[in-house]
Amino acid sequence: MSLYLVQKLFYHLNVDPKVRSRFQKDAEALCAEYRLAPEEIATIKEADLAALYRMGVHPLLLRPFATLKGIGMADYRRALAGADKERR
Amino acid sequence: MSIVAALAASHAPGITGWPESAPPDQAGRFLKAFEGLGERLSASRPDVLIVLTPEHWVNFFLNNMPAFCVGIGDSFAGPAEEPAWLKVPRVTIPGAPKQARALFREMSREIDLAFSEELALDHGAMVPLHFLAPQMDLPVIPIFINCLTHPLPPLQRCHRMGQVLGELVRAWPERVALIATGGLSHWPGMPQAGKINVEFDLRFLQAITEGRSEEFARYADEAIEAEAGPGAHEIRTWLAVAAAVRGMKGEVFAYEAVQAWATGCAIAAFSGAG
C-alpha cells in the first residue's frame, strides 16, 4: 500500500480540474498512472472512506475526495465513525 | 511606527459558506465582530496587508512542503475552492512584489523562507479578507505556514519568525497590517469533527492577549493535537503575529464555540504603539 501515492492522487484531484475530469471519466486508468495497487484502486473506486482513513490519508485530502464522490457531511461522518481507532 | 493594525481570526469555511447553520445569536455576534474589525482595519489606512495563513493542500504537497512561504507575486487569485460553496466571489488580489522581495531578503538573514510568485488563496485567507478588506483591493503579502502536516515547523520557530517579521516591518515606511488566520480548536475532516475545546481556546486567547504567547510556543505538537485537534496547529499564525507585536495590547473581539462550523471561532486584535 502506498499512502504517499494515494495522497498524491487526492492532492491532484484537489488542485487540477483536468485530473478531476479524467477521474470522473476513467478512474481506473488514472489510478494506474499513479502506480496504485489493485486493492487501492478498488478502495478509491468504492470510496471506502473508513479504509482510506485507516490507511492514514490526511483528513483534509479525504474530505474533498468524498465531496468529489458526492458524499455529504452526514454520510462522511457516518462512514468514519470508529475509524480513528485503527488509524495508522 | 509602521504596524498600524494586527489582527487574528479563525477562518472556518462555515463562517461565510453556511452561517445560517449556526444559532442566530452566536453567528450574529461573531459576524458583527468580524465586520467591526473590518471597519477598524480600514480606519488604520494600511498600505499593505501581510496575511499569515495556513496551507491546506492547495499550493503544496508532501513532495515539497515549506515551513514558511512568502508570496512575492504581482497578484493572487482566490478562493481556490468553489466560490458557490464558500460564498466568497473569486477575485484577483494585488500583491506587493517589491515589499515582499524586501521582506524575503531581510527576513532570510535569520529565518529560512521559501518564496513563490504563484500562490492560490483558499478559505484560510479569503474568509477573513471577506470581512476585513471586502473591497479586495489592498495589496497582500501572503506568508503560508505549514500547520497541516508533520513534520511541522516548531511552534517556537513560528514565534521567532513573527519576532523577526515584526522587527523588520516596524522600520518600513509603509503602513502595515498583520493578519493571522486559523484555529482555534478543531478536528477538520475527522470523526471527531464538531468537537471544540473551549477551555483550551480561552486559555490560549488569554495568554495571547496578555503578552504570554511564549507559553504556547513551548507546547508540544502532540499535546496541542490531543487537547485541541490537528486544526489547532494553526495557532502558529497567531503566535507569529503576537510575537511580531510584542508590547501591544491584545483584546478578544469574539469567541464562539460554533458547532455548526466545527471550530472554536475567535477574533482578536492588538493595539498600541507598533
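# Two chains of a predicted model

Me: What box do the C-alpha atoms of chain B fill along the principal axes?
Reply: Chain B holds 10 helices and 10 strands. Taken along the principal axes, its C-alpha atoms fill a box of roughly 45 × 40 × 40 Å.

Me: What percentage of the residues in chain B is buried?
Reply: A residue counts as buried if 20 or more other C-beta atoms lie within 10 Å of its own. Applied to the 274 residues of chain B, this gives a buried share of 55%.

Me: Among contacts in chain B between residues at least 6 apart in sequence, what percentage joins residues at least 24 apart?
Reply: The contacts considered are those in chain B between residues at least 6 apart in sequence. The share that joins residues at least 24 apart is 84%.

Me: Which strands are the edge strands of the open sheet of eight strands in chain B?
Reply: The sheet has mixed pairing and the order β6-β3-β7-β2-β8-β1-β10-β9 in chain B. An edge strand pairs on one side only. The edge strands are therefore β6 (114–116) and β9 (249–258) of chain B.

Me: At what angle to β1(B) does helix α6 of chain B run?
Reply: Helix α6 comprises residues 155–170 of chain B. It lies across β1 (3–9), β2, β3, β7 and β8 of chain B. Its angle to β1(B) is about 155°.

Me: Where does Pro79(B) lie, given the cis peptide bond that joins Gly78(B) and Pro79(B)?
Reply: The omega of this cis bond is about 0°. The place of Pro79(B) is in the loop between β4 (75–78) and α3 (83–86) of chain B.

Me: What is omega for the cis peptide bond that joins Gly183(B) and Leu184(B)?
Reply: Leu184(B) lies in the loop between β8 and α7 (198–209) of chain B. For the cis bond joining Gly183(B) and Leu184(B), omega is about -5°.

Me: Does Met136(B) count as buried or partly exposed?
Reply: Met136(B) is found in the loop between α5 (123–132) and β7 of chain B, and its phi is near 55°, a positive value in a residue other than glycine. A residue is buried with 20 or more C-beta neighbours within 10 Å and exposed with 12 or fewer. Because Met136(B) has 17 C-beta neighbours inside 10 Å, Met136(B) counts as partly exposed.

Me: Is Ala262(B) buried or exposed?
Reply: Ala262(B) is in the loop between β9 and β10 (263–271) of chain B. Its phi is positive, about 55°, although it is not a glycine. Because Ala262(B) has 24 C-beta neighbours inside 10 Å, it counts as buried.

Me: What radius of gyration does chain A have?
Reply: Chain A has seven helices and zero strands, and its C-alpha trace spans about 35 × 25 × 20 Å along its principal axes. With 88 residues, a compact globule would have a radius of gyration near 12 Å, which agrees with chain A. The value for chain A is 12 Å.

Me: Which element gives the most to the side of chain A that touches chain B?
Reply: The contact involves 17 residues of chain A and 12 residues of chain B. The elements giving two or more residues to this side of chain A are α1 (3–15), α6 (59–68) and α7 (73–80) of chain A. With six residues, the element that gives the most is α1(A).

Technical notes. Residues numbered from 1 in each chain as written. Chains lettered and ligands numbered in written order. Predicted model: local features only at pLDDT ≥ 70, side-chain atom pairs only at ≥ 80, totals over all residues. Contact = placed C-beta atoms within 7 Å. Helix = DSSP H or I, 4+ residues; strand = E, 2+ residues; numbered from the N terminus. Rg over C-alpha atoms; globule rule 2.2 N^0.38 Å. Pairing = 2+ DSSP bridges. Axes fitted to C-alpha atoms, helices over the stretch in contact; angles between N-to-C directions.
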